[in-house]
Amino acid sequence: MKVLYSWLKDYVDIDIEPKELETKLFSAGFEVEGIEYLGENLEKVVVGQITSMEHYEGTHLRICHVDCGDKGNDHLILTGADNVFVGAKVPAALVGAKLPCGLDIQPRKMVDMMSYGMLCSGEEMCLDKEWYPGADVNGIMILDDNAPLGMEMKEYLELDDYLFDISITANRPDCQSVIGIAKEVAAFLNKPFKAPDYSYEEDGTVNENISIEVLDKETCPRYLGHYIYDVKYMESPLWMKRRLIAVGHNAINAMVDITNYVLVEIGQPMHAFDLDTLAGSSIVVRRANDGETLVTLDEKERVLNNSNLLICDKEKAVGLAGVMGGLNSEITEHTKEVVFESAKFLKDSVRKTSRGLGLRSDAAARFEKGIDEYTVECGMARALNLAQTLGVAKISSTHFDVTGGASTEKRVIKVTTEQVNNVLGIEVPEAEIVKILSALQ
């Protein structure tokens, strides 16, 4: 599992360096397969502003005088890009800078004039438009007017961060998320854990046409659905896109990004169904018929059998439970009404379907290790919170909680200190046990 150092710090006041955190994670039983510094090879690249510019007669070059926030210094930089202008704020690679594309910036002669640096494109910094708008232009990357003069670009672009790749063993499904790892960090650093914001407000709107029915309650012991409307097809904010991209997800649109964000942060796979595509405004969880087919979001047709659990409407399948949604109910620019899904599917069923169809997904990887009923609630609440906070949709009062006898109460496990120590083979004082379990919540 990949998790950002900065994301962990949202929920724990981490006061140690990433390398020390790696050591402590190892000591707590987690194998850190690697740490990547996102700002690698982006040294001495700062926010600069072109204060004056003239055309180098007889060439395509422009002579730019660049203020990089170091008072008294006027950086003379030549560029062949034609999209620069006086007043533009741009990434300026100063002499001695190293770029992720492999360039090492030194003074160089262009025609018969020296250039002391380089103005950078997004490509030269290995960025795309998802990380920063305009990074894909054929020319210099033009920054927002409010970019702080002289600030390191890796800081401005939120690349001054570390990505941890942590191996999660099958017996720790509770750590398949940012908050799961954050709770562990809080425990071994003896720091309080700060939970995500799960708050949201329903507006009283009711849609009585929607129905949810679970026909196989053994395989789907809990299914939550919530109707949201007035959906806006929009991009996610940069902070969300950057976090998703860093941990290996594509930024698609705000609604889909919210479900992926909850998957990573809370560990609860989510799905968003376009209500207009659901026949009868209904959701039915049932077993597939032998030979039934479904085109999944990867645009491949899947031939199913009775061992596969499906999410359907009154007429057709719209998703493979716990594995992947169907192409026929995806979110598009025409989507106005959505039903959020947050559910628990038995891990054996998801594993069998995923392997049998040769279809791997992040959702399946989590369901295969196990999701509990409480995480189902947290995932739904967080998705609704984000939808409301980002202004993506309005939250109705129409919601469903279909259980198949699954307990919605927190389970209480009673155990003595002696029993714990007998299993561990070491003596841990009762007070220490209480402190650790409390930190883990």
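Trainee: Which way do Leu-309 and Ile-311 point from strand β17, and are they buried or exposed?
Mentor: Leu-309 and Ile-311 point one way from β17 (residues 309-312), Leu-310 and Cys-312 point the other way, and all are buried. Buried is under 20% relative accessible area, exposed is over 50%, and partly exposed lies in between, with a 1.4 Å probe and protein chains only. A strand here is a DSSP run of E with at least two residues, numbered from the N terminus.

Trainee: What sort of model is this?
Mentor: This is a predicted model, where local features need pLDDT of at least 70, side-chain atom pairs count only at pLDDT 80 or more, and totals for chains, interfaces and linings use all residues. Residues are numbered from 1 along each chain as its sequence is written, and side-chain values use heavy atoms, with hydrogens and water left out.

Trainee: Back to β17. How many bridges does β14 make with β17?
Mentor: Four bridges, in the antiparallel sense, with β14 covering residues 282-287. Two strands pair if DSSP finds at least two bridges between them. Arg-286 has Leu-310 of β17 as its bridge partner.

Trainee: And what about β18?
Mentor: β18 (residues 317-320) pairs with β17 over three bridges, also antiparallel. Leu-310 has Leu-320 in β18 as its bridge partner. A hairpin of four residues joins β17 to β18.

Trainee: New topic. In what order do the strands of the open sheet with β1 run?
Mentor: The order is β1-β10-β2, three strands with antiparallel pairing. β1 (2-4) and β2 (31-37) are the edge strands, each pairing on one side only.

Trainee: How many bridges join β2 to β10?
Mentor: Six, with β10 covering residues 162-167. Tyr-37 has Tyr-162 in β10 as its bridge partner.
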